[in-house]
Amino acid sequence: MAEFDVDLFVIGGGSGGVRAARIAAGYGARVMIAEEYRMGGTCVIRGCVPKKLLVMASHVHQEIEDAAGFGWTIPPATFDWPTLIANKDKEIARLEAAYTTNVEKSGARIVKTRAVLEDAHTVRLGTGEVVRAKMVLIATGGAPNHGAAIPGIEHVISSNEAFHLAALPRRILIQGGGYIALEFAGIFAGLGSDVTVVYRGDNILRGFDEDVRSHLRGEMEKAGITILTGCTVTKVDKHGREFTSHLSSGPSIASDQVMFAIGRHPNVRGLGLEKAGVAINPHNGGITVDGFSRTSVPNIYAIGDVTHRVNLTPVAIREGHAFADTQFGKRSVEVDHADIPTAVFSQPEVGTVGLTEAEARAQFSHVDIYKASFRPMKATMSGRDTRVLMKLVVDGTSGRVVGCHIVGDGAAEMVQVVAIAVRMKATKADFDATMALHPTAAEELVTMRTPTARYVREAAE
Ligand SMILES: Cc1cc2nc3c(=O)[nH]c(=O)nc-3n(C[C@H](O)[C@H](O)[C@H](O)COP(=O)(O)OP(=O)(O)OC[C@H]3O[C@@H](n4cnc5c(N)ncnc54)[C@H](O)[C@@H]3O)c2cc1C
């Protein structure tokens, strides 16, 4: 009898787990992958994909409003939430089936059940079956935090439930200032809800460039979203179908739904990590790993959100692929987590790569800032009160562009491409030497000639 039933057991059929399972099976490994909910994981089932579909849906009202300036007369439009949700669910089911087929085609075996560790080589399935694995990959992702157990917390939904509401709420209160909170604020506002965002910090989007934070806040407020900062929800009451959220700053707000998007925690609970001896990072609650996703146990690896490194789908996929290449493909690959482009699909959109101005000023003695804020061409005809922000952060000594931050339509698409230049260490002179593509918003990135600010740190005596 073989010592092990499989070469690799993957726990979690999300972005990272699926990629690792497929690539490892492609190298000839005997792979089993367990998924307790739906194949595809957070991104496909209740994250990036359904979120972007709802963002697109919510944008349509802007297009309709803007049409008048271009000569169109459109009869009063109506919107039907159940149709949107049903169509979104159909697309998600299609993707889930495609993920399942692709994994099966690779030769990996899917088990649709929960899996936990009994020891470093033994996995117990929800069915009671026990599998002996030479190597284990933990790719269990993360889950929404609800925060402190305030009175009435049972009335509060997370992004998971927001995707399946029976009706569009007329009024919604969203607590949180990160990308998920702001994306849902834009979705609900765009579809016609009255939206209030409550955030405990002094401004939304902590960790992003300060200009991005203030620009986005201003744009969201212009679009009619109420943003209350410096306070938290301390209690939620329910009266019939209405909720009252009491704020630490005094007032209370009535709404038809209350949603919290105040962060996510790695899915480590009940996995049997202590039995197997897998160490947790005390700083972030994720599984401790090195650059090759190795845990504290030699045959156990972890990738994606469960490691709480950079919680993004392409990162989980890259980590899963690198793991499979290194362990089964005889090709040692370490993932580089520098200069990862990221977007907030708020309205308007945010795209960012590299360092913020504050980070660059802490790192470099000489920093040049190039910044432009302008009315996009479309707004000149539609009359919409909106402005685009573009900002380049440059290391003044080497001339290298170390950060790019955009707020405006198409920001995510632009930043994906700029990220190549940033990774290739392009300089501001390279940007300047690139011919503009006219008329676009992106041409501003290669036509900002004069720094709007220049910071020089005096050398220490
Ligand atoms: C609302 C929302 C929007 C997002 N938008 C974006 C975006 O626009 N762009 C982006 O890059 N990222 C986005 N993300 C983040 C992205 O979804 C995650 O970074 C990504 O899914 C992480 O992949 P993963 O493989 O680590 O985990 P996941 O995709 O979470 O997969 C983990 C899987 O493991 C399963 N599982 C857990 N425990 C067990 C167990 N014991 N046994 C069996 N199965 C188990 C879970 O059911 C899940 O399917 C978003 C997330 C959310 C919540």
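**Reading one predicted model, feature by feature**

Mentor: Let's start with Ser293, which lies in the loop between helix H8 (273–276) and strand E16 (300–302). Helices (H or I, at least four residues) and strands (E, at least two) are DSSP runs numbered from the N terminus. Keep in mind that this is a predicted model, where local features need pLDDT of at least 70, side-chain atom pairs count only at pLDDT 80 or more, and totals for chains, interfaces and linings use all residues. Residues are numbered from 1 along each chain as its sequence is written, and side-chain values use heavy atoms, with hydrogens and water left out.

Trainee: What about the phi of Ser293?

Mentor: Ser293 has a positive phi, about 60°, although it isn't a glycine. His308 also has a positive phi without being a glycine, at about 55°. His308 sits in the loop between E16 and H9.

Trainee: Is Ser293 buried or exposed?

Mentor: Read that from the relative accessible area: buried means under 20%, exposed over 50%, and partly exposed in between, with a 1.4 Å probe and protein chains only. Ser293 counts as buried because its relative accessible area is 4%. His308, at 22%, counts as partly exposed. For an exposed case, go to Lys105 in helix H4, which has a relative accessible area of 68%.

Trainee: Which peptide bonds are cis?

Mentor: Look at omega. The bond from Gln347 to Pro348 is cis, with omega near 5°, and the bond from His438 to Pro439 is cis too, with omega near -5°. Pro348 is in the loop between E17 and strand E18 (350–354). Pro439 is in the loop between helix H13 (428–433) and strand E22 (453–456).

Trainee: Now the ligand. How many residues surround it?

Mentor: A residue is near a molecule if one of its heavy atoms lies within 4 Å of it. Here 36 residues surround the ligand, and the closest are Gly16, Glu35, Thr42, Lys51 and Asp305.

Trainee: Which side chains put an N or O or other polar atom by the ligand?

Mentor: An N or O atom in the Glu35 side chain is 2.6 Å from a ligand oxygen. Glu36 uses its backbone instead: an N or O atom there lies 3.1 Å from a ligand nitrogen. Arg114 has a polar side-chain atom 3.2 Å from a nitrogen of the ligand. As for cover, the ligand has 1,000 Å² of accessible area on its own, and the protein covers 95% of that. These areas come from the Shrake-Rupley method with a 1.4 Å probe; for residues, only the protein chains shown count as cover.

Trainee: Which elements give two or more residues to that shell around the ligand?

Mentor: They are helices H1 (15–26), H2 (41–46), H3 (48–67), H6 (179–191) and H9 (313–328). H2 gives the most, with four residues.

Trainee: And what is the nonpolar core?

Mentor: It's a set of buried Ala, Val, Leu, Ile, Met, Phe, Trp, Tyr and Cys residues joined through side-chain atoms within 4.5 Å. In soluble globular proteins, nonpolar side chains tend to be buried together. The largest core here has 38 residues, and those with the most contacts inside it are Ile174, Phe184, Phe188, Val195, Leu216, Met220 and Met259. Elements giving two or more residues to this core include H3, helix H4 (81–106), strand E8 (171–175) and H6. H6 gives the most, with eight residues. Apart from this core lies another, of 25 residues, among them Ile11, Ala133, Val278 and Ala302.

Trainee: H6 again! Where is Glu183, and is Glu183 buried or exposed?

Mentor: Glu183 is in helix H6, and it counts as buried because its relative accessible area is 1%. Contact means heavy atoms within 4.5 Å. Leaving aside neighbours within four places in sequence, Glu183 is in contact with Lys51, Ala343, Val344, Phe345 and Ser346.

Trainee: Which side chains make a polar contact with Asp368?

Mentor: Two to look at: His366, at 3.3 Å, and Arg454, at 2.8 Å. Asp368 is in strand E19 (residues 366–374) and is buried, with a relative accessible area of 6%. Not counting residues up to four places away in sequence, Asp368 touches several residues, including Leu392, Val393, Pro451 and Arg454.

Terms used:
Polar contact = N/O pair within 3.5 Å; in protein donor to acceptor, adjacent residues only side chain to side chain.
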